[in-house]
Amino acid sequence: MDGYNNYPKANSYSSLLQYFLSLQYLQRSKRSFFALLSLFLVFLLAYNGATMFCIYIPFPAKTPPDPGNFSPETVPRESRKLASVSSSTKVISSVLYAVKEENPPAISKTHFTLLHKDRHLVVFENNSLVYAQRRMRKHKSVLKILRSEARIKRFSTKVKEFFGGNSSNYQCKIQFFMTWISSLDSFGDRELFAIESVFKAHPNGCLVVASNSMDSKRGMQILRPFLNKGFRVMAISPDFDYLLKNTVAQAWFDRLMKGEIETGEVSLGQNLSNLLRLGLLYKFGGIYIDTDVIVLKSFRNLRNSIGAQTIDLETGNWSRLNNAVMVFDKGHPLLYKFIEEFALTFDGNKWGHNGPYLVSRVVSRVNGRPGFNITVLPPVAFYPADWKKIGSLFNGPRNEGHSKWLLAKLRQIRGQSYTVHLWNKQSRRIKIEEGSIIGHIMSGCCVFCNSSELTL
């Protein structure tokens, strides 16, 4: 009887134990299931986030100082135009038009591209990588045209012979330099008129255009009309090694050619022009002018001079200088300081850092020190219209009051200015209106006046 009564009791204990064990197993299984489910949901959310929220923000197109403002030109021309329009496909060909760094860089319109997403395909575009590769190709193209060639080995001899250093028959009294690190297709009417104005004011002067592209048969054809009139102009490929020899920039340029210099966002050609003009003046002395500068009268009385772009209205002192026009003796110590500053502080990402801002900070630093004496001319001398107001010189009279202002401004420029800087980036596409100040200035500065029109 006792055995009978004990069996069901033991059986119930066993069943109860199995029940609790099963319950614990189910609880552990549930936790594992929910853990796996949570991990799967996290993965799914991450995948959806990657596919659904793909934002493509392209960088603004970086334009080397105004590559789209040029158009292919030929000589002779039926008309003269100070504003030309060009194809945006010219990249390195327009890497430089002397210097246009005085103005803040123009920001291109940014287009936010809509990516049409397929349900089963996600497209990612690395636009910054594409832009970096394009910029690297441009910089390599600039470096390629600067590499030593047979035609630049006699650079110094050619320049000295051209200026008449070894000739008793002819010797230049005034030496002018321009730079052009760009293609011939970019050299247009505005640049040609700048040359015209040089010889109009200095018929016995000499002009060297330091340029690889202009030092060619096609370049000679462009300059032929000036040579036919008896003007002394020559295009020659620059020898940076010679120009920078025994300066701090010699090692900098060597590193650049080896690809060891971070060239930055600003056009490399533009920055090389800033350095080239300093080397030319340091080795030979003379006058440097940009190719968007109109010369109004003789520089004969100027020596070791640079122009202020802006002044402080309260103190009357200059607040910024500019390097678009410079007059210096050969070997002037300030030029050496400029070259040194370029090499030691080069920054390819700051607009104007290696140009106008460079000459401004160096002159401020050496001001008053013996041996660095120069003449800083007021803005009206070289820059009678600031880049923000250059458009006013292209406008014709609107009314009687405006007509009087134009006449007064024209008289001021003709009386006090040596040059007018056209600030290429700002004025390239502005039309010259009838009765404008620029129209009057062009009429008085041309040397091919009878064969060309002065309107757009």
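What follows is a short tour of selections, with a note on what you will find at each.

**Before you start**

This is a predicted model, so local features are taken only where pLDDT is at least 70 and side-chain atom pairs only at pLDDT 80 or more, while totals for chains, interfaces and linings use all residues. Residues are numbered from 1 along each chain as its sequence is written, and side-chain values use heavy atoms, leaving out hydrogens and water.

**Stop 1: a nonpolar patch**

Select L37, F40 and L41. Together these residues make a nonpolar surface patch with about 280 Å² of accessible area. Patches take residues with over 30% relative accessible area and no salt bridge, joining like charges within 9 Å and nonpolar side chains (Val, Leu, Ile, Met, Phe, Trp, Tyr) within 5 Å. The areas come from the Shrake-Rupley method with a 1.4 Å probe, and for residues only the protein chains shown count as cover.

F40 belongs to helix α1, residues 2-52. Helices (H or I, at least four residues) and strands (E, at least two) are DSSP runs numbered from the N terminus. Is F40 buried, partly exposed or exposed? With a relative accessible area of 48%, F40 is partly exposed. The cut-offs are under 20% for buried and over 50% for exposed, with partly exposed in between (1.4 Å probe, protein chains only).

**Stop 2: two helix pairs**

Select residues 189-201 and 217-228, which are helices α4 and α5. They pack at an angle of about 25°, with axes 12 Å apart. The axes are lines fitted to C-alpha atoms, for helices over the stretch in contact, and angles run from 0 to 180 degrees between N-to-C directions. That makes α4 and α5 roughly parallel to each other. Under 35 degrees counts as roughly parallel, over 145 as roughly antiparallel, 65 to 115 as roughly perpendicular, and the rest as oblique.

Next, select α9 (residues 333-345) and α10 (residues 356-366). At what angle do α9 and α10 pack? It is about 120°, with the axes 10 Å apart, so α9 and α10 are oblique to each other. The crossing of α9 and α10 is right-handed.

**Stop 3: salt bridges**

Side chains of opposite charge can pair when their charged atoms come close. How many salt bridges does the structure hold? There are ten, each one a side-chain nitrogen of Lys or Arg within 4 Å of a carboxyl oxygen of Asp or Glu.

Select E433 and R398. Their closest N and O atoms are 2.8 Å apart in a salt bridge. This pair links distant parts of the chain, 35 residues apart: E433 sits in the loop between α13 (424-427) and α14 (437-445), and R398 in the loop between α11 (379-382) and α12 (400-416). E433 is partly exposed at 31% relative accessible area, while R398 is exposed at 52%.

Move on to E400 and K404, a salt bridge with closest N and O atoms 3.8 Å apart. Because they are four residues apart in helix α12, about one helical turn separates E400 and K404. E400 is exposed at 60% relative accessible area, and K404 is exposed at 56%. Then highlight E341, R361 and R365: salt bridges with shared partners join them into one network.

**Stop 4: positive phi**

Select N246, in the loop between α6 (240-243) and α7 (249-257). N246 is not a glycine, yet its phi is positive, near 65°. N246 is exposed, at 61% relative accessibility.

Then jump to N304, in the loop between β5 (293-295) and β6 (305-311). N304 also has a positive phi without being a glycine, of about 45°. Is N304 buried or exposed? At 10% relative accessibility, N304 counts as buried.

**Stop 5**

Select K283 in helix α8, residues 268-284. K283 counts as buried at 17% relative accessibility.

Finish at G439 in helix α14, which is buried with a relative accessible area of 17%. Its C-alpha atom lies 8.9 Å from that of G396, and G439 and G396 are 43 residues apart along the chain.

Note on methods. A crossing is left-handed if the near helix is turned anticlockwise from the far one by less than a right angle, and right-handed if clockwise.
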